[in-house]
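Welcome! The briefing below will walk you through it step by step.

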Amino acid sequence: MNPTNLVRRSYTMAVLLTGMILFSPAHAQADKYPEKPITFVVPYPAGGVADQFARSMATELGKRLGQSVVVSNRAGANGNIGSAYAAKQPADGYTLLLGSTSTLAVNPHLYKDMGYDPIKDLQPVTLTHQMPNVLIVGSGTPYKSVEDVIKAARREPGRIPFGSAGNGNSMHLAGELFQKQSRTKLMHVPYKGAPPALTDVMGGSLPTMFINLPAVVGYADSDKIRILAVAAPTRSKVLPNVPTFEQAGVPGVISSVWNGILVRSGTPEAIVRKLNQNIVAILQSEAFAQPLEKQGYEVLSSTPQEFADLLQKDTKVMGEQVRDAGIQID
């Protein structure tokens, strides 16, 4: 065959194949998406920092997509109930999940049956934000510094309670890491979510806890709690007078939780891409990011692959932390 004719035939086939791809059902579906309201599953109770972020995102995403995005709180089992629900919905982009280090990277090492596999059943869309943990104490306690907590813990090993949002979450792991690095022993008190634990700290029935920074920024100048240290490499911009743990004399206490948005695995790539482009545009807008950063959130964004790579890496890292701490879920 004449080489020129062969090139022409190859070019023609390439054009036809490109057309088939561009006008495939998946791409046609993405062009029309969304044609109905989207459900945004938050596997935590209403009122917490994850829920607050999700509601802000839902409002802005709804504006960009021209459809309402409805937040659905499905709390329980350390985030497994809501996450499993989202992982079992149709792979059509109409159910979003707010995932986190705890639900996606820690829980697989705590539960024999979560009801879903984070890596196999979920498709990452983009990271959204991360939050460092902080150590707080009630204003009625005698603890004015991290050193005060350490001295008390050494006087009464295993008797000073610290609260968290539940077994195995990032707040619990922060407490375990603090004990390891400070060579102390505290008594862990798991709650069903951070808000009730924080209420008890402010009320005086729980002396101390580790908690995500945005949950307590509003109380920094109040007489309800004291924020003793932030588990980050550097001081928080919103709490410049609060030392890091290293500055407070306990190096190696770095603990934060990342969050991101995911959909069911098998969702058409064109829909995942459309969601990523719109959500990232929101995250990178100053109007959206600045108010959140003033509350202690560190706003992030990523490609789906970058999020997937982080999930793979942190699943291994968190497994080591869980084993080192000897955390078990009955």
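Here is a short tour, from the whole chain down to single residues.

This is a predicted model, so please read every value below as computed from that model. The chain has twelve helices and ten strands, and it is divided into two domains, called domain 1 and domain 2.

**The whole chain**

- The C-alpha trace spans about 90 × 35 × 35 Å along its principal axes.
- Of the 330 residues in the chain, 51% are buried.
- The chain exposes about 15900 Å², and 52% of that area is supplied by carbon and sulfur atoms.
- Take the contacts between residues at least 6 apart in sequence: 78% of them join residues at least 24 apart.
- The chain carries 31 positive and 26 negative charges, and the mean positions of these two groups are 2 Å apart.

**Two domains and the area between them**

- Domain 1 is made of two stretches of sequence, 37-131 and 257-325, while domain 2 covers 136-248.
- How far apart do the C-alpha centres of domain 1 and domain 2 lie? The distance is 26 Å.
- Where the domains meet, 18 residues of domain 1 are in contact with 14 residues of domain 2.
- The size of an interface is often given as the accessible area lost when the parts come together.
- For domain 1 and domain 2, the buried area is about 1200 Å², and carbon and sulfur atoms give 66% of it.

**Helix 4, a mostly covered helix**

- Helix 4 runs over residues 80-87, and six of its eight residues are buried.
- Which residues of helix 4 are buried? They are Asn80, Gly82, Ser83, Ala84, Ala86 and Ala87.
- The cover over these buried residues includes three strands that you can look for: strand 1 (38-42), strand 3 (95-100) and strand 4 (122-138).
- Strand 9 (256-264), helix 5 (101-106) and helix 6 (118-121) also belong to that cover.

- Most residues other than glycine have a negative phi, and most peptide bonds are trans.
- Tyr33 and Pro34 are joined by a cis peptide bond, with omega at about -5°.
- You will find Pro34 in the loop between helix 2 (25-32) and strand 1.
- Asn78 is not a glycine, yet its phi is positive, near 60°. Its place is in the loop between strand 2 (69-73) and helix 4.
- Arg183 also has a positive phi, near 55°, and sits in the loop between helix 8 (170-182) and strand 6 (187-190).
- Is each of these two residues buried or exposed? Asn78 has a relative accessibility of 16%, so it counts as buried, the cut-off being under 20%. Arg183 has 67%, so it counts as exposed, the cut-off here being over 50%.

- Met202 lies in helix 9 (residues 194-203) and is partly exposed, with a relative accessible area of 26%.
- Leaving out residues up to four places away in sequence, Met202 touches Tyr219, Lys224 and Ile225.
- Met202 and Gly66 are 136 residues apart in sequence, and their C-alpha atoms are 42 Å apart in space.
- Arg323 belongs to helix 12 (residues 304-325). Because its relative accessibility is 58%, Arg323 counts as exposed.
- How many residues apart in sequence are Arg323 and His109? They are 214 residues apart in sequence, and 8.4 Å apart in space from C-alpha to C-alpha.
- Val230 is part of strand 8 (residues 225-230). With a relative accessibility of 2%, Val230 counts as buried.
- What does Val230 touch, not counting residues up to four places away in sequence? Its contacts include Pro132, Asn133 and Val134, as well as Arg235, Ser236, Val242, Pro243, Thr244 and Phe245.
- Val230 and Gly193 are 37 residues apart in sequence, with 20 Å between their C-alpha atoms.

Definitions and conventions. Residues are numbered from 1 along each chain as its sequence is written. This is a predicted model: local features need pLDDT of at least 70, side-chain atom pairs count only at pLDDT 80 or more; totals for chains, interfaces and linings use all residues. Side-chain values use heavy atoms; hydrogens and water are left out. Helices (H or I, at least four residues) and strands (E, at least two) are DSSP runs, numbered from the N terminus. Buried means under 20% relative accessible area, exposed over 50%, partly exposed in between (1.4 Å probe, protein chains only). Contact means heavy atoms within 4.5 Å. Accessible areas come from the Shrake-Rupley method with a 1.4 Å probe; for residues, only the protein chains shown count as cover. Lys and Arg count as positive and Asp and Glu as negative; His and the chain ends are not counted. The place of a charge is taken as NZ of Lys, CZ of Arg, CG of Asp or CD of Glu. Domain bounds come from an automatic or database domain assignment. Buried area is the accessible area (1.4 Å probe) that two parts lose on being put together, summed over both.
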